[in-house]
Amino acid sequence: GVVMGSEMCAIPGLGQDLLEVLLPKRKELQRGEEMVLIPFVPQIVSRVDLDLRMVFVKPPAGLLDLSYVREEKVKIKGFLPAARY
């Protein structure tokens, strides 16, 4: 098998849930984290092993090419004028 990602979270959906998986870092990706959404359906997610904390997937061709970059948003704190009521 291939380790696809080390972190994931489940996103509830109407038709099916999704797994958001953090992909390993690539050198050409300078900033942000590369993520992919995997439908949590039996045709793709073949096994979930809670003891090993692993999810086994059989992605169809092209699914892993649909990745996106999650960029970290920076919050800037500053002084704002007082609100007028």
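**View 1. Where β3 meets β6.**
Two strands count as a pair if DSSP finds at least two bridges between them. In this predicted model, β3 and β6 pass that test with three bridges, and the two strands run antiparallel. As a bit of background, strands of a sheet pair through backbone hydrogen bonds, either parallel or antiparallel.

How many helices and strands does the protein have? The tally comes to zero helices and six strands. Walk along the sequence and you get the pattern β-β-β-β-β-β. As for burial, 21% of the 85 residues are buried. Aromatic pairs don't turn up here: a search of the whole structure finds zero of them.

**View 2. An open sheet built from four strands.**
Here the strands line up in the order β1-β2-β3-β6, with antiparallel pairing. Which strands sit at the edges? They are β1 (7-11) and β6, each of which pairs on one side only. Neighbouring strands in this sheet are turned against each other by 35° on average, if you ignore direction.

A hairpin takes you from β1 to β2 by way of six residues. The two strands pair in the antiparallel sense over five bridges, and C9 stands opposite E20 in β2. Step across from β2 to β3 and you meet five bridges, again between strands that run antiparallel.

**View 3. The largest nonpolar core.**
Which residues make up the largest nonpolar core? There are nine: L19, V21, L23, V36, I38, V41, I44, V45 and L63. Two strands, β2 (18-22) and β3 (33-39), each supply at least two residues of this core. In soluble globular proteins, nonpolar side chains tend to be buried together.

**View 4. The β4–β5 hairpin.**
Now for the pair of strands made of β4 (residues 45-49) and β5 (residues 54-57), which run antiparallel and are joined by four bridges. V48 has V55 in β5 as its bridge partner. The two strands form a hairpin with four residues between them. Look at R53 in the turn: its phi is positive, at about 60°.

**View 5. R47 and its two neighbours, D49 and F56.**
What does the side chain of R47 do? For one thing, it meets the side chain of D49 in a salt bridge, at 3.7 Å from N to O. The total count of salt bridges by this rule is one. For another, the charged end of R47 sits over the ring of F56, 4.2 Å from the ring's centre. D49 counts as buried because its relative accessibility is 17%, and buried means under 20%. R47 counts as partly exposed because its relative accessibility is 44%.

**View 6. Two prolines in two loops.**
Where are P42 and P60? P42 is in the loop between β3 and β4, while P60 is in the loop between β5 and β6 (68-70). Is P42 buried or exposed? P42 counts as exposed because its relative accessibility is 69%, and the mark for exposed is over 50%. P60 counts as partly exposed because its relative accessibility is 43%. P42 and K58 are 16 residues apart along the chain, with their C-alpha atoms separated by 9.5 Å. P60 and Q43 are 17 residues apart in sequence, with 9.1 Å between them in space, C-alpha to C-alpha.

Note on methods: Residues numbered from 1 in each chain as written. Predicted model: local features only at pLDDT ≥ 70, side-chain atom pairs only at ≥ 80, totals over all residues. Heavy atoms only, no water. Phe/Tyr/Trp six-rings, centres within 6.5 Å; stacked < 30°, edge-to-face > 60°. Lys NZ or Arg CZ within 6 Å of the ring centre and 35° of its normal. Salt bridge = Lys/Arg side-chain N within 4 Å of Asp/Glu carboxyl O. Buried < 20%, exposed > 50% of the residue type's maximum accessible area, 1.4 Å probe, protein only. Core = buried A, V, L, I, M, F, W, Y, C linked by side-chain atoms within 4.5 Å. Axes fitted to C-alpha atoms, helices over the stretch in contact; angles between N-to-C directions.
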